[in-house]
Amino acid sequence: YEEFFDNFLDLIKIKNKEEYSNALVTNEEAKIDILIKSENKAIIVENKINEAPDQNEQLARYYKKVKYEYKKEVEKIIYIVPSENKNPNEQTFGKDEKIKKEIKDKDRFIKITGFNGSENDLVSCLEKSRDKLKSNLEKTKNNLDSENFNKLFFINHYIEILKRTGAGDMSEVELKFFEEIMEKYKTDKDIFKKIKYIGEMYNNLLEIKNKYISENIKAEDWGYNKEGG
């Protein structure tokens, strides 16, 4: 969808968007989640929305693949996360100090949050595209079977996913609760344990949340004191 692609290039601060006017976008090429290739440059997109751990020297391998085998300048490496607390593991940048420095360059490596309520999250980028698409649909009166309507349905669905996995609409207590769960399981390679735990959490949400509040929130935080005020 060209409108979203254009907004995405703005989001990741591409200075010369004309470079990608005829870009090829591939999925899982060389195991890279999304690879955007122009004639001379490339953008690597690594999606960690699902809190997946970094594989061994993952970003270093992708960077070297594109730079040395594909012979393209890696203009951006985009690391998409569910919340600001998700950061790449240091080993993902590799052991070669020169490569590590190139990957970490502040103009090259960009962490994008799926949803945090700001103007720079992925949801905002999607919403701009959605609004333009809705406007076009209203003008042309396209029917429900049109390609544009299918795009609109997909974008709305993905926005909902990002909002549910993000932290922008959580209360402070809920956010702390969520962060502690993710911290507890971030190095657990058995993803099914994590899924099972979260499933149990939702099945017993009220009991678990009340227990968490009683153990972690001081009485004065809720406007009470020992004198019973």
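Which residues do ring pairs link into a cluster? The structure considered here is a predicted model, in which local features need pLDDT of at least 70 and side-chain atom pairs count only at pLDDT 80 or more, while totals for chains, interfaces and linings use all residues. Residues are numbered from 1 along each chain as its sequence is written, and side-chain values use heavy atoms, with hydrogens and water left out.

The cluster consists of Tyr-79, Phe-93 and Phe-109, linked by ring pairs, where rings of Phe, Tyr and Trp (its six-membered ring) pair if their centres lie within 6.5 Å, and planes under 30 degrees apart count as stacked, over 60 as edge-to-face and the rest as tilted. The structure holds 4 aromatic pairs. One of them joins Tyr-79 and Phe-109 in a tilted arrangement, with 5.9 Å centre to centre and 40° between the planes. Because Tyr-79 lies in strand β4 and Phe-109 in strand β5, this pair ties together parts that are 30 residues apart in sequence; strands (E, at least two residues) and helices (H or I, at least four) are DSSP runs, numbered from the N terminus. Tyr-79 is buried, at a relative accessible area of 0%, and Phe-109 also counts as buried, at 17%, the term meaning under 20% relative accessible area, with exposed meaning over 50% and partly exposed in between (1.4 Å probe, protein chains only).

Strands β4 and β5 pair in the parallel sense over 5 bridges, and Ile-77 stands opposite Phe-109 in β5. Two strands are taken to pair if DSSP finds at least two bridges between them. The open sheet has 5 strands in the order β1-β2-β3-β4-β5, with mixed pairing. Its edge strands, each pairing on one side only, are β1 (24-29) and β5.

The largest nonpolar core has 25 residues, and those with the most contacts inside it are Phe-8, Ile-12, Ile-43, Ile-78 and Leu-122; such a core is a set of buried Ala, Val, Leu, Ile, Met, Phe, Trp, Tyr and Cys residues joined through side-chain atoms within 4.5 Å. Elements giving two or more residues to this core include α1 (2-11), β3 (41-47) and α5 (147-165), whereas α4 gives the most, with 6 residues. Apart from this core lies another, of 17 residues, among them Leu-35, Tyr-62, Ile-77 and Tyr-79.

Lys-71, in the loop between α2 (58-69) and β4, is exposed, with a relative accessible area of 65%.
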